[in-house]
Amino acid sequence: MSSLEVTFVTADRTVWTGQAAQVVVPAADGSMGILPQMQPTLAVLERGLVRIIDESGQATERSVVGGFVSVDTDVVTIAVDDAELAPSDL
């Protein structure tokens, strides 16, 4: 089974890095799900939740205000100004 190599960063720290089965981001034109073997994509992010589901099925969520996501050959890079724990993770 194929997986995604995810790097999720803010201006001053790495929020999450590792292998994931799925990523969901709040793109400017709506929620965007990212799965392995997706076409290369670059998208602007809006306020919302970034959700990363690791290979074991455990989900991590962070609230973001904006930034961007890049997808290229199963490598996902999420860069935002700040990422806070989602209320469900507190």
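Let's start at Thr41, which is partly exposed, with a relative accessible area of 22%. That label applies because buried means under 20% and exposed means over 50%, and the 22% of Thr41 falls in between. Keep in mind as you look around that this is a predicted model.

Where does Thr41 sit? You'll find Thr41 in strand β4, which covers residues 41-45. Follow its side chain and you'll see a polar atom 2.9 Å from the backbone oxygen of Gln39. Now look beyond the local stretch of chain: once neighbours within four places in sequence are set aside, Thr41 is in contact with Met32, Val69, Ser70 and Val71. Take Val71 from that list: Thr41 and Val71 are 30 residues apart in sequence, yet their C-alpha atoms are 5.0 Å apart in space.

Next, hop over to another threonine, Thr10, in the loop between β1 (4-9) and β2 (14-27). Is Thr10 buried or exposed? Thr10 counts as buried because its relative accessible area is 8%, and the cut-off for buried is under 20%. Its side chain makes a polar contact with the side chain of Asp12, at 2.8 Å. Leaving out neighbours within four places in sequence, Thr10 touches Val15, along with Val80, Asp81, Asp82 and Ala83.

Finally, zoom out. UniProt, in an unreviewed entry, lists residues 4-83 as "domain: ATP synthase F1 complex delta/epsilon subunit N-terminal".

Note on methods. Residues are numbered from 1 along each chain as its sequence is written. This is a predicted model: local features need pLDDT of at least 70, side-chain atom pairs count only at pLDDT 80 or more; totals for chains, interfaces and linings use all residues. Side-chain values use heavy atoms; hydrogens and water are left out. Helices (H or I, at least four residues) and strands (E, at least two) are DSSP runs, numbered from the N terminus. Buried means under 20% relative accessible area, exposed over 50%, partly exposed in between (1.4 Å probe, protein chains only). Contact means heavy atoms within 4.5 Å. A polar contact is a pair of N or O atoms within 3.5 Å; within protein, one must be able to donate a hydrogen and the other to accept it, and residues adjacent in sequence count only if both atoms are side-chain atoms. UniProt positions are given in the numbering used here, feature names are shortened, and annotations may be inferred rather than shown by experiment.
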